[in-house]
Amino acid sequence: MSVLLLQLAGPLQSWGSASRHTRRSTEFAPTKSGVIGLLAAAQGRPRTMQVSDLAALRFGVRIDQPGTRVRDFHTAHHLGSGKAMPITERFYLADAVFLAAVEGERTLIEDLHSAVRAPHFLPFLGRRACPPARRLDVGVRHDTGLEVALREHPWLASGWYRRRTAFTTSTQLPLLLESAPGDPPGEIVADQPLSFDPRHRRYGHRSVRTETVPRPEAGARPALKIPAHDPMPPLEDG
């Protein structure tokens, strides 16, 4: 098994799992469905394409910088009639940083790694209005499992956050792990992606257990050679 590690950091993120039309909530950490959607987009998969191979990956996330929950109100008009749509209440995580990981067969993990480094579609952190502020790719581990990879990777929190919380924040980081066979039972959440088809989105249930991990020392981020790739041309005028 191999592990792909992703850095999810941005001014705003929103990872909803129980949103309604007029109230779009966010979880306090990235959801599996959101991250699998990001990986599918990086590969260029249309929403109607099946994602069972990606959904089978084991998922975990470490909360390196929890961010602040903020609320916004959104207004819009119907494209066809011009009538005002209902005001929606939307929630975001501001200035959060997470280390997410997916574990699976080496060939698929390496394919996803290449896609993340040169995404077909622009990546976003839960919603299209939430672009990442840092590179997503922080490496692949072929020598260990998901849990160890999340425990050992250097702390990714921003410099200002480290300074501000140097004497007030616990040295333990929350770790959310998808339960593997034989693990103790965890919290059951409706966050197993089955279909991203806009006409019939479907989600199953998965088990998540919560632990804490001693904060690894923050190390210098390795310089990565980014492939020459520009995902913006499809958005430019012809």
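This passage describes the confidence of a predicted model and the surroundings of selected residues in it.

The structure is a predicted model, in which local features need pLDDT of at least 70 and side-chain atom pairs count only at pLDDT 80 or more, while totals for chains, interfaces and linings use all residues. Residues are numbered from 1 along each chain as its sequence is written, and side-chain values use heavy atoms, with hydrogens and water left out. The average pLDDT (the predictor's confidence in each residue, from 0 to 100) is 88 for the protein, and 87% of the residues score at least 70. Confidence is lowest in strand β2 (residues 23–24), with a mean of 74, and highest in strand β3 (residues 58–65), at 97. Helices (H or I, at least four residues) and strands (E, at least two) are DSSP runs, numbered from the N terminus.

Two residues of helix α1 were examined. Ser33 is found in this helix and is buried, with a relative accessible area of 9% (buried means under 20%, exposed over 50%, partly exposed in between; 1.4 Å probe, protein chains only). Its side chain makes polar contacts with those of Asp191, at 2.7 Å, and Thr31, at 3.4 Å. A polar contact is a pair of N or O atoms within 3.5 Å; within protein, one must be able to donate a hydrogen and the other to accept it, and residues adjacent in sequence count only if both atoms are side-chain atoms. Ala42, also placed in helix α1 (residues 32–43), counts as buried because its relative accessibility is 7%. Beyond four places in sequence, Ala42 is in contact (heavy atoms within 4.5 Å) with Ala115, Val116, Ala118, Pro119 and His120. The C-alpha atoms of Ala42 and Pro123 lie 6.7 Å apart, although 81 residues separate the two in sequence.

In strand β3, Asp64 is buried at 1% relative accessible area. The side chains of Asp64 and Arg62 are joined by a polar contact of 2.6 Å. Leaving aside neighbours within four places in sequence, the residues touching Asp64 include Trp155 and Tyr161.

The structure holds two aromatic pairs (rings of Phe, Tyr and Trp, the last by its six-membered ring, with centres within 6.5 Å; planes under 30 degrees apart count as stacked, over 60 as edge-to-face and the rest as tilted). Trp155 and Tyr161 pair edge-to-face, at 6.5 Å centre to centre and 65° between the planes. The pair of Trp160 and Tyr161 is edge-to-face because the planes stand at 90°, with the centres 6.0 Å apart. Trp155, Trp160 and Tyr161 form one aromatic cluster.
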